[in-house]
Amino acid sequence: MTTATPEDGTLQRLLDDEIEPFLEQLRAARYADETVRRKRAIAAEFAQWAQQHLIVADNLDSHSAAQFVARLPERAKTRVALERATVRLFPRHLYTRGRLQRQSAEETASGPDSYLRGYEEYLRKDRGLTENSVHVYVPFIRDFLSAQFMPAGSLSPDALETLKIQSFLLAQTKDRSDEYKRLLATSLRSFFRFLFFAGETTRDLSICVPMVRKYRMSAPPSLLSPEQTERVLAALDRSTSTGRRDHAVLLLLARLGLRAGEVVSLELNDIRWRSGEIVIRGKGRMLDHLPLVFDVGDALAAYIRDDRGVSSSRRVFLRTWAPRIGLTGPAAVGHIVRHALARAGIRRSGRGAAHLFRHGLGTKMIRHGASIAEIAEVLRHRSQSTPATYAQVSFEALRTVAQPWPVRGGVR
């Protein structure tokens with residue numbers, strides 16, 4: 001691998017020469033002046049540290065960056081986070097400018113990383129999963145591989161034995177939720193099928209992973225009542241750009257029943273202002289068209305016109321802090337929801353905070369006489385058995401079919 005270096009050949013000189021172009025890139029991404037000033041100091045300190053530790057350009061990677069961040073104990077968490085972000089962005093800038101060259105996949109493939117890369121490619125290309133699904137599966141497999149690889153970077157001889165797999169599953173699921181257990185088991189079965197199809201194993205080990213039973217309608221779904229929904233929306237501070245963005249996000253969840261991932265993936269071209277509809281990129285790469293109701297359209301228009309600002313990203317909703325790019329994933333929407341619930345004084349536990357609005361909308365529809373088929377169409381459920389869960393919390397409808405207990409002689 002060749003690396004572009006300055007005339008004197010020192011890494012510090014290379015890094016020093018690139019600090020100002022790096023800062024200009026940060027300013028273009030709308031980082032605050034104070035943040036740019038702090039990152040300048042960290043970049044200069046990183047250049048000096050790399051020279052003192054005799055790190056050459058070919059070895060400037062995530063490992064050396066982690067060593068720099070961990071060089072001093074007992075520092076403020078905010079300082080550590082700022083350093084970690086800076087030494088992640090600085091080498092990326094050097095690669096973009098051609099001052100450093102990335103190692104090829106063959107050079108960097110070692111240990112669990114080679115398996116993870118192959119598995120991610122299998123999920124995207126062979127299975128056709130969305131990025132949200134890939135982000136769910138991969139961390140489970142990363143944990144599994146980390147536990148099975150020996151220090152030398154080779155797979156433990158008994159890593160792919162039935163008892164070893166089941167022991168890992170039992171150890172990881174102790175005191176964890178049923179949903180966590182189900183996702184872990186599903187991810188492991190998917191990974192072992194990949195190993196079998198890729199020729200890494202002679203038999204399909206997915207059958208070694210026990211099924212985690214999930215009973216449908218065993219418990220009513222968590223939801224927000226109509227009164228709670230309006231309380232959450234009213235509690236937002238809409239005097240700030242962040243509050244107005246969050247208000248538009250919550251309206252999409254509450255009025256149209258969007259999933260968190262659908263809000264994140266919404267792009268500017270998906271809003272059809274003239275026809276009054278919005279295009280939703282749903283599960284299974286499906287495209288659906290929903291009506292752009294008045295208050296949702298009004299909130300979106302106000303945010304895009306006054307608060308979104310200029311960005312190369314086509315995503316509707318951008319991060320508040322630099323770099324001004326699209327929201328990082330469904331977890332960002334979940335954070336917005338949890339913050340809004342806290343402001344409204346509503347406590348909800350468990351995963352899927354954004355789904356509270358979706359479940360609330362489905363329940364509201366069934367209480368107003370909508371059929372299961374109509375709810376499935378509005379909320380874009382592929383199976384009509386899914387919206388049937390909303391009937392569990394329609395207590396008014398249940399009372400109409402409940403019969404009083406017969407009493408002897410007709411006397412109560």
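Author: Call a crossing left-handed if the near helix is turned anticlockwise from the far one by less than a right angle, and right-handed if clockwise. Helices (H or I, at least four residues) and strands (E, at least two) are DSSP runs, numbered from the N terminus.

Reader: And what kind of model is it, and what are the cut-offs?

Author: The model is predicted: local features need pLDDT of at least 70, side-chain atom pairs need 80 or more, and totals for chains, interfaces and linings use all residues. Numbering starts from 1 along each chain as its sequence is written, and side-chain values use heavy atoms, without hydrogens or water.

Reader: OK. Which hand does the crossing of α15 and α16 have?

Author: Right-handed. Helix α16 covers residues 372–379, and α15 packs against α16 at about 150 degrees with the axes 10 Å apart. Axes are lines fitted to C-alpha atoms, for helices over the stretch in contact, and angles run from 0 to 180 degrees between N-to-C directions. That makes α15 roughly antiparallel to α16 (under 35 degrees counts as roughly parallel, over 145 as roughly antiparallel, 65 to 115 as roughly perpendicular, the rest as oblique).

Reader: Which residues of α15 and α16 meet?

Author: From α15, Arg358, Leu361, Gly362, Met365 and Ile366. From α16, Ile372, Glu374, Ile375, Val378 and Leu379. Contact means heavy atoms within 4.5 Å. By class, the contact of α15 with α16 has 7 nonpolar, 1 polar and 2 charged residues. Ala, Val, Leu, Ile, Met, Phe, Trp, Tyr, Cys and Pro count as nonpolar, Asp, Glu, Lys and Arg as charged, and the others, Gly among them, as polar.

Reader: At what angle does α11 pack with α15?

Author: About 30 degrees, with axes 7 Å apart. Helix α11 is residues 241–256 and α15 is 355–367. α11 is therefore roughly parallel to α15. Leu250, Leu253, Ala254, Arg255 and Leu256 of α11 touch Phe357, Arg358 and Leu361 of α15.

Reader: Switching to charges. How many salt bridges are there in the whole structure?

Author: 20. The criterion is a side-chain nitrogen of Lys or Arg within 4 Å of a carboxyl oxygen of Asp or Glu. One of them joins glutamate 34 and arginine 37, at 2.4 Å, N to O. The two sit 3 residues apart in helix α2 (residues 33–52), so about one helical turn separates them.

Reader: Now the sheet. What is the strand order?

Author: β1-β2-β3, an open sheet of 3 strands with antiparallel pairing. Edge strands β1 (271–272) and β3 (287–291) have a single partner each, so one side of each has no neighbour in the sheet. Strands pair if DSSP finds at least two bridges between them.

Reader: How many bridges join β1 to β2?

Author: 2. Strand β2 (residues 277–281) pairs with β3 over 5 bridges. Arginine 272 has glutamate 277 of β2 as bridge partner. In β3, proline 291 is the partner of glutamate 277, and aspartate 288 is that of isoleucine 280.

Reader: What about phi at glycine 276?

Author: Positive, near 65 degrees. Glycine 276 belongs to the hairpin of β1 and β2, with 4 residues between the strands.

Reader: Which residue has a positive phi although it is not a glycine?

Author: Aspartate 175, at about 60 degrees. Its place is the loop between α8 (162–172) and α9 (178–197). Most residues other than glycine have a negative phi, and most peptide bonds are trans.

Reader: Where is there a cis peptide bond?

Author: Between alanine 322 and proline 323, with omega about 0 degrees. Proline 323 lies in the loop between α13 (294–307) and α14 (330–344).
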